[in-house]
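Have the sequence and the 3D view open as you read.

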Amino acid sequence: MHWREWLDRNVLDLGRQMRLSYLPPLMVYMAAGISGLTGIVGTFFVKEYLGLSAEFLAALSFWMMLPWTLKMPMGHLVDLIWRHKSGLIILGAGLISASLLIMIGLLDKPDAMRELMPIETWYVLSALLAPVGYVLQDTVADAMTVEAVPRVDREGRPVGEEQLRLAHTTMQTLGRVAIIGGTVLVAAVNVYLFSGVENLGELEKAAVYLQIYRLALIIPAVSVLGVALAAALRWRDVQRLAAQGFEMDQIERFLGRPMDELPEANWWILGGGLVFVLFSASMGLAAVPLNEEIIFAGSLGIVLFLMRQLTRDLPDRARHELYATAIVIFAFRAIPTTGAGSTWWMIDELGFDQQFLSQLSLVASALTLFGMFIFRRFMAERPITYIIAFLTIAGAVLFLPNIAMFYGFHHWTAARTGGVVDARFIALIDTALESPLGQIAMIPMLAWIANSAPERLKATYFAVMAAFTNLALSLSQLGTKYLNQIFTVTREVRNASAGAVEIPADYSELGALFITVAIVGLAMPMAAIFFVKRSLLAEPKPEPAAATGFERY
């Protein structure tokens with residue numbers, strides 16, 4: 001295929017299918033992508049201002065992931081109160097703003113903030129408020145993607161079923177593009193803002209961090225503007241259809257989900273979601289040993305029960321395919337990471353500063369966006385087990401440079417290439433190859449939900465399946481915490497007033513941590529693939545031939 005034909009089919013055609021009505025949910029998705037603006041600042045803030053351990057940060061990451069499982073009851077609630085979903089977007093924007101304002105206060109007026117609560121407590125509060133806000137917005141954005149696809153053309157004629165299906169698929173693809181596009185944008189901004197920051201003093205660095213957090217207030221503003229644009233587009237369409245002679249009840253049917261298409265309340269989903277919230281809150285507040293593990297196990301049990309209730313009316317083959325897809329993606333996303341220690345090591349030992357980490361983020365985001373176009377056919381033409389196996393093996397191979405650099409491989413390559421292939425060069429190439437893998441893994445499930453889930457329960461299906469796969473990230477953080485307990489990694493912590501070293505840097509066990517993560521990361525998804533191929537995706541055995549009475553002869 002000629003490259004121009006490939007470009008037209010995979011990139012330009014997607015642009016031609018873009019509609020103005022798609023913009024509101026895309027703006028909410030882009031706000032989620034822009035949220036990465038504060039990621040690198042947060043890493044350096046924790047390292048330079050807080051004395052939190054890698055184990056504590058892994059535990060905090062577990063709690064930060066937990067609100068995403070609230071998408072279960074929230075998604076069904078959005079289906080039930082379809083016309084009031086804009087208020088949830090605004091509420092989410094308020095929580096995100098509160099999280100950012102706390103960080104602005106910590107950087108701008110730390111003494112005043114410390115008088116009210118310890119700095120570490122403020123940071124934890126900020127870290128927990130933000131994901132709740134993003135969960136609210138993401139859940140509603142999933143529902144808005146359904147509403148954004150027009151049901152009628154400009155003359156009020158119903159859109160054909162095939163064209164409608166194509167439009168929904170395009171909408172989901174553009175949603176992923178908007179999220180990754182937001183990360184590309186903020187990575188480029190970070191590269192600019194962090195230029196030369198490694199040569200600044202502590203006060204000048206704090207001023208740069210403060211500038212980035214203030215700039216991040218654009219995140220909730222973008223999502224609220226998406227809501228305002230949706231209202232303006234709806235008003236425009238109401239005026240146009242009214243001028244063509246349609247009655248108001250017909251217009252409501254054209255532009256929104258009709259009342260007779262709203263689902264009945266599924267009390268299994270709502271009740272199970274309430275049980276989950278109460279269970280998580282009570283266990284989180286109780287000083288119970290292993291409370292994180294108990295919360296995870298209880299949450300997983302509740303989500304699995306609700307998945308069973310939600311999918312029991314599906315045909316057996318469709319249900320088995322959905323379960324198999326969910327299991328292998330769960331195993332892929334549940335792989336533990338090395339935790340904050342690896343980033344500290346890159347900063348302290350490899351000399352990766354804020355600007356270079358921003359460059360890595362920019363490369364990763366840009367190539368993830370590019371990879372989504374390249375792998376569109378790859379994902380469409382191959383089964384989920386093949387896709388996850390490919391991504392798992394690729395990820396394991398691409399993790400090897402991290403292990404090699406810990407044992408000095410970059411010194412060997414730099415000595416033989418005149419300093420060209422140094423640690424930064426290896427990190428850039430490795431990031432460029434690895435970056436598309438994570439996003440690609442989720443697309444098969446999103447495509448299944450968009451094409452196969454019942455029309456009245458799109459948001460509910462999105463929410464329940466997202467809750468299940470997000471629990472995988474909670475399991476990943478638990479695994480990360482366990483590994484950081486086994487392999488202790490510490491960065492240097494100095495007393496803020498005296499300047500004395502309170503905790504010395506110790507990266508001696510990081511190599512063993514790298515190797516363990518690589519082995520576990522390869523074994524978990526492959527075991528899940530083996531399981532589903534031998535059970536859920538196994539071909540039914542042929543019925544034995546009926547006995548005729550002559551077989552014995």
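**Overall make-up**

Please keep in mind that this is a predicted model. The protein has 24 helices and 2 strands. Of its 553 residues, 50% count as buried. Among contacts between residues at least 6 apart in sequence, 81% join residues at least 24 apart. The accessible surface comes to about 26200 Å², and 65% of that surface belongs to carbon and sulfur atoms.

**Aromatic rings**

How many aromatic pairs are there? The count comes to 7. One of them joins Trp 345 and Phe 406, a tilted pair with 5.9 Å from centre to centre and 50 degrees between the planes. Trp 345 sits in helix H16 (residues 340–348) and Phe 406 in helix H19, so this pair ties together parts that are 61 residues apart in sequence. Both Trp 345 and Phe 406 are buried.

Trp 345 also pairs with Phe 514, here edge-to-face, at 5.8 Å centre to centre and 70 degrees between the planes. Because Phe 514 belongs to helix H24 and Trp 345 to helix H16, the pair ties together parts that are 169 residues apart in sequence. Why does Phe 514 count as buried? Its relative accessibility is 1%, and buried means under 20%. Trp 345 counts as buried at 4%. Ring pairs link Trp 345, Phe 399, Phe 406, Tyr 407 and Phe 514 into a cluster.

**Salt bridges**

A search of the whole structure finds 5 salt bridges. Three of them are set out here.

| Salt bridge | N to O distance |
|---|---|
| Lys 481 and Glu 293 | 3.4 Å |
| Asp 316 and Arg 319 | 2.5 Å |
| Glu 321 and Arg 317 | 3.5 Å |

Lys 481 and Glu 293 are both buried.

The other two pairs in the table belong to helix H15. Asp 316 and Arg 319 are 3 residues apart in helix H15 (residues 316–333), about one turn of the helix. Glu 321 and Arg 317 are 4 residues apart in H15, again about one turn. An α-helix has 3.6 residues a turn, so residues three or four places apart point the same way. Arg 319 is buried, with a relative accessible area of 9%, whereas Asp 316 is partly exposed at 48%. Glu 321 is partly exposed at 33%, and Arg 317 is partly exposed at 40%.

**A nonpolar surface patch**

Which residues make the nonpolar surface patch of about 400 Å²? They are Ile 393, Val 397, Leu 400, Leu 522 and Met 526. Helix H19 (384–406) and helix H24 (510–534) each give two or more residues to this patch. H19 provides the largest share, 3 residues. Ile 393 is found in H19 and is partly exposed, with a relative accessible area of 43%.

Ser 126 has its place in helix H8 (residues 119–148). Is Ser 126 buried or exposed? At 3% relative accessibility, Ser 126 counts as buried. Leaving aside residues up to four places away in sequence, Ser 126 touches Ser 99, Ile 102 and Met 103.

Helix H2 (residues 23–34) has 12 residues, which at 1.5 Å a residue should span 16 Å; its end C-alpha atoms are 16 Å apart, which agrees. The buried residues of H2 include Pro 24, Pro 25, Tyr 29 and Ile 34.

Technical notes: Residues numbered from 1 in each chain as written. Predicted model: local features only at pLDDT ≥ 70, side-chain atom pairs only at ≥ 80, totals over all residues. Heavy atoms only, no water. Patch = residues over 30% accessible without salt bridge, like charges linked within 9 Å, V, L, I, M, F, W, Y side chains within 5 Å. Areas by Shrake-Rupley, 256 points an atom, 1.4 Å probe, with all protein chains shown as cover. Salt bridge = Lys/Arg side-chain N within 4 Å of Asp/Glu carboxyl O. Buried < 20%, exposed > 50% of the residue type's maximum accessible area, 1.4 Å probe, protein only. Phe/Tyr/Trp six-rings, centres within 6.5 Å; stacked < 30°, edge-to-face > 60°. Contact = heavy atoms within 4.5 Å. Expected span 1.5 Å × (residues − 1).
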